[in-house]
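Welcome! Take a look at it first, then follow the notes topic by topic.

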Amino acid sequence: MSRSKSFHVLCMDVGLSMSNSAPGEDSPFELSKQVIQKFVQRQVFAEVKDELALVLFGTDSTRNPLAQDGQYQNITVHRNLMVPDFELLEEIENQVHPENQQADWLDALVVCMDLLQTGIKGKRYDQLNIYFLSDLSVEANSEELDVIVENLKQVDITLQFFLPFSAEEESVDEAGDAGRGGPGARGSGKGLSREQKTGLEMVKHIMLSLDEQDGLDQIYTLRNAIEGLCMFKRTERRPTAWPCQLTIGSALSIRIVGYKAVTEEKLKKTWLTVDALSHKRDHIKKETVYCLDDDNETEVQKDDLIQGFCYGSDIVPFSKVDQEQMKYKHDGKCFAVLGFTNQNLVPRHSFMGIQTIKIFAPGDDQHAGVALSALIRALDELKMVAIVRYAYNRQCNPQIGAAFPCIKMNYECLIYVQLPFMEDLRHFTYTSLNSKKFSPSDTQLQAVDSLIDSMMLVDKDEDGNLKDLFKVHHIPNPAFQRLYQCLHHRAVNPGTALPPIEPWLVAALDRPDVIKERCGVPLDEVKKVFPLKVMEKKKPLKTSAEIFGKDSEQPDAKKAKGDAAEEDEGEEYNLADISEGSVTSVGSVNPARDFRILIKQKTLPFQGACEQLTHRIEQLLGNKNTQYYMKSITCIQAFRELSVKLGKADLYNSYLQLLKGSITNRGLEVFWDLLVQGSISLIGQDEVEGSCVSKNEAAQFLVADEKNEEPVATMADDADDVDDLLDNM
Amino acid sequence: MAEWNAYFRDEDDGEAPEEGEEPEGDYKVTGRDCLVFLVDASKEMFIKGEDGEPTNFDMTMQVVRSVYTRKIISSRGDLVALVFYGTKQSQDPTKSFKHVYVYHNLSELGAKRVQQVDALRGEKGALLAAETMGSDETSLCDALWCCANLYRDCKLRLGHKRLLIFTCRDQPHGGDSVKDRQARTQASDLRETGVVIELMHLMKAGGFDVSLFFRDVISPPEDESELGLQHEPCEKLADLQRRVRAKEQKKRTMAKLNLCLGEGVNVAVGMYAVAVTARKPGAIRLYRESNEPVRSKSRTFHTETGSLLLPSEIKKAQVYGNKQIVMEKDEVDAIKKFDDPGLFLIGFKAMEELKVHHHIRPAVFLYPAEGEVKGSSCLFSALLTKCVERNVFALCRCISRRNYPPRFVALVPQEEELDEGKVQTTPPGFNVIYLPYADDLRNLDPPQTPCASPTQVDKMREIVHKLRFKYRSDAFENPVLQQHYRNLEALALDMMAPDDIEDLIMPKVDQIDRRLGPLVQEFKDLVYPADYNPDNKSAAKRKAAEAGGTAEKKPKVAVSEDELRARIQQGTLGKMTVPLLKEACKQLGVRTTGTKKQELMDALVDKLAT
């Protein structure tokens, strides 16, 4: 059975005057277009089967069923009633433009009504709506007004107007709506043309005739409509009733109905996997095979599998049939009171499960209503809750939970939440915070106190009414909003990058501006009196060692890896830290590590990083101390290792040759011996193809050359001296 | 056995696990947690209490058993050993220690082990213990050394290592200073390898003086301010249970985050899951012939070419409004990203603003991480103190992991509470309550029902009063899980039938009836008319269904008389649905008795034919 659906007609003025706007403001046309875009977008993503039509008026051409003999001119039915799709969104994006004619807006309204009446013939419907967007700047022929109103009433069409200005009286407007309406809503009366004024009167007349009390509430400003449409898109779900009986002992039962009141809404759709080229889903197949855990990974057929469970280290084969037969069974649906307890014994943080259920008495059973009301009021007066056994039905596992009394202005109910089982709880102990080391001083406490003062979100306004500045349960789930925004963007503008998050959404998730302003000073005070120091952690070293650890020869890399395993799940966090790019140059504390990270992240070109590293090595060697020598050695090791890895031997080789040349000169023999001990030589052709050093040369570099080098070096020394002498002369 | 989590993972749509779930049991990352029970088996442990109270040994065995069964359910990857010292017989894998008896080597638990511990309980157990092990000299040094070997010889990668000593003797070596010194040295060696040694000291006549010997054996408390040593010795089983429970698990953070109060003011905090719904673990697939577990491998391939597909050859898509919208895999992740992980303070609200029904998932716990940002504990503590004092909660935006969309949370302050024995019952910190978005609230149309009169309410108050009890969150076991594990136990041990479980969440109807006595009838007389029967199921059902129906608007129909006539002529009347037909009957003023489709159609045909 198909559900009944609603029918909507969007009727938008695209005529000449709609493009007029004050400098720096969006024109009524732009705003109207945004409204219908948001509206259609929300229909598309909510996947409701409602049908929707789009009528434009003020168009250059005329295309509508009523157009005859010069009547109903410049009105175009852009799209007749049908379920909206992306095609419509694309059309709105690309084909709806400001045009140059004007049309009688009442005529347009009649076209819409006609569209609805013909469209719904033979169909079941829930609601008929017309959304009318115009600046009313064309004088309408009011002769037919009463006939139109009569007709609207008869067919039961709901009408909503969206105007560039506010419909409220001037005086009210000043005080109330001015702030909210923003720059887009010009004050009513002010700056309105004569036509607009009469038009507005007619609109009011229509709305009040349709609904004497709240009719005017259905007239919106365009600006408010955009905000409303942004914020309040949600997938509607009809609540399903869960009839049951609340029992206390064997003799007392009260008929109840439960409704899910709060639960985390999930997206209805998940991502499909498609082939990257064809974008087709059925081009991709996922196959799962099973194999024994032996060396050959022998495959076994699915039919040869049975199911089992772990009982500690034992694996127990346990067939589905046996399991079904032996499992815990119960009598099905129930809401049975185990007893009553004080509310403070059921603290908020002990709530389990993913939902709350509101329990009412059935609407048609007065007696059950009275009985349940007695229970609710008794619990409320005593500040107690009922502890109950709850089972949704026979197939579902029973739960233990609490039923809280809830008394509202217009209704009473019990609120059911699940409570934990013993198996769910983990008892951790934490160090007391009352130690001297952590105790805040009076000044510090004072600073926090002022901060709280400045950041209270619920405030009294001038009239003494409480006003909540930040209602979380009025914010739409940003994840959905963002996904819809991106899907819409990709569908309408294929091939372009995804847009940034919409500003209104960013603002909705942030501190309210008032609070931002107020908390500035107290926050600075907190900053001043509480010293906070980010601890230098050894972890980055460990993680970098992990990144390169496998082929690294550093003995401490292995140890570091072992240590890292001891740590709890902080690893991802730290990994993120270093990949976040805190290293920008080769520092002096741990140059080898910095160098590795720089190369890994490619923040600097290879040559640049090498230059920085060699510069550090030269600095270190200037100290002539074994500790610094060791540090230099690790640098050179890192240099060599990464040069080999990247296949760029030249920089390293030339540096090492240069270094060797200066050994005696700088008195670095001890350091050289360390290099020889570690057999850190040139990179040969066997390691890197492009190297100009042969394997042999590399091998000989440390040993054979040493002896030859000495006399050469002395000779060079002598030569220098001679030069110097010459210079001095 | 390597693939602990394999069957929980749903790789297909690549969705990340639930935010609330922690990567529990991921031994690849953390190694396995180890727990060694080192139990004194000297004669003193077997002395009975005055009023037939269980012996210290018996109490210890009960605790060991409950830890065993609990671990099988909640953390079956953990390794556990049971070692006795001060025994006559000796048994250890290396055969090099006297007076030490390794009853269970360090390994995973199984049904057999639970049975073996059971055998040591009660009178019979004491006899068995005397027979197999006996009581004799004590050398705690050897016992600790033996335990060190257990840890060392374990082939698996170890995570957190813990050793619990159960004894009622504060001077195990009777004052022999050489032995004392050896034991202390051995203990310090053990601690150096990362083993945390805890003392579970039991009651003995004359009191247990920790300072005589044990103070230098056990690990110092995490922080010098913690007065861990002033615990009174355990007298009652419940106390011991609680104390062991607090120590048996290593607490792990789900995430370490910054709580940002504003530009540049970041408090490092750890997030801990303190209540996680325990579920039946998934089934494992076994090979029919050998009962050995099989591994599953899945691969993605192209249906036309048959070639395996690389991740780069796959994209993600959704269909909306007749259009398939395609995105790259990393774009799908990018859409979910709003900001880096962390908590961002929005402001404060009075506690009354936190509504009971705004609940969407279990809370987590927040405690400062001094090791990340020095000074965190102090600011955290100040915030906690002030929030408690002013009865407010902090509202924060929370992104708990990378590429998770934001949620708003209430940080509800919680003060530390200790019991009489100075054991922490409630830790200090903030409870993190997740708040619903607009999408998470359902619109309800509450039925209008009358209110009760004060007399009726008073009667109910009496009923409520009679059925008061003190709720404790750890008092109720999950019957479904318990039954499942009993079944497995029975199958593993080839028992004829599983042990019966006690369903603790079943109302004790008899007791309730007895306690209430005539109150029920009195209340019923006040609220129900004499002939009222809430059990009248059929009536109740129908009425309830109608009540549900009022929440929805009845569909309106627009089927004109002409159309009906046309349909009758074409013979397509049968294509209309029953409600439509009914509606049409109503419109035309046709009275029908039947509800069958054919009856409705006949009635319409009759009417329109005339």
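The structure holds 0 disulfides over all chains, a disulfide being a pair of cysteine sulfur atoms within 2.5 Å. This is a predicted model, in which local features need pLDDT of at least 70, side-chain atom pairs count only at pLDDT 80 or more, and totals for chains, interfaces and linings use all residues. Residues are numbered from 1 along each chain as its sequence is written, chains are lettered from A and ligands numbered from 1 in the order in which they are written, and side-chain values use heavy atoms, with hydrogens and water left out.

**Cysteines**

- A disulfide is a covalent bond between the sulfur atoms of two cysteines.
- Cys610(A) is buried at 3% relative accessibility; buried means under 20% relative accessible area, exposed over 50% and partly exposed in between, using a 1.4 Å probe and protein chains only.
- Cys168(B) is buried too, with a relative accessible area of 3%.

**Chain B as a whole**

- You can find 17 helices and 20 strands in chain B; these are DSSP runs (helices: H or I, at least four residues; strands: E, at least two), numbered from the N terminus.
- Chain B has 610 residues, and 51% of them count as buried.
- Among the contacts in chain B with a separation of 6 or more, 69% come from residues 24 or more positions apart; a contact means heavy atoms within 4.5 Å.

**Salt bridges**

- Side chains of opposite charge can pair when their charged atoms come close.
- Over all chains, the structure holds 41 salt bridges, each a side-chain nitrogen of Lys or Arg within 4 Å of a carboxyl oxygen of Asp or Glu.
- One of them pairs Asp449(A) with Lys386(B), whose closest N and O atoms are 3.9 Å apart.
- Asp449(A) sits in helix H10 (residues 442-454) of chain A and Lys386(B) in helix H9 (residues 376-390) of chain B, so this pair joins two chains.
- Both Asp449(A) and Lys386(B) are buried, with Lys386(B) at a relative accessible area of 9%.
- Lys386(B) also meets Glu389(B) in a salt bridge of 2.9 Å, N to O.
- These two residues, Lys386(B) and Glu389(B), both lie in helix H9 of chain B, 3 residues apart, or about one turn of the helix.
- Glu389(B) is exposed, at 54% relative accessibility.
- A network of salt bridges links Asp449(A), Asp453(A), Lys386(B), Glu389(B) and Arg390(B).
- Elsewhere, Glu198(B) forms a salt bridge with Arg162(B), the closest N and O atoms being 3.1 Å apart.
- Glu198(B) belongs to strand S5 (residues 195-201) and Arg162(B) to strand S4 (residues 158-167), both of chain B, so the pair ties together parts 36 residues apart in sequence.
- Glu198(B) is buried at 15% relative accessibility, and Arg162(B) is buried at 10%.

**Two helices meeting**

- Two packed helices are described by the angle between their axes and the distance between the axes.
- In chain B, the axes of helix H15 (residues 561-570) and helix H17 (residues 597-609) come within 11 Å and cross at roughly 105 degrees; axes are lines fitted to C-alpha atoms, for helices over the stretch in contact, and angles run from 0 to 180 degrees between N-to-C directions.
- H15(B) is therefore roughly perpendicular to H17(B) (angles under 35 degrees count as roughly parallel, over 145 as roughly antiparallel, 65 to 115 as roughly perpendicular and the rest as oblique).
- The contact is made by Glu561(B), Leu564(B), Arg565(B) and Ile568(B) of H15(B) and by Leu604(B), Val605(B) and Leu608(B) of H17(B).
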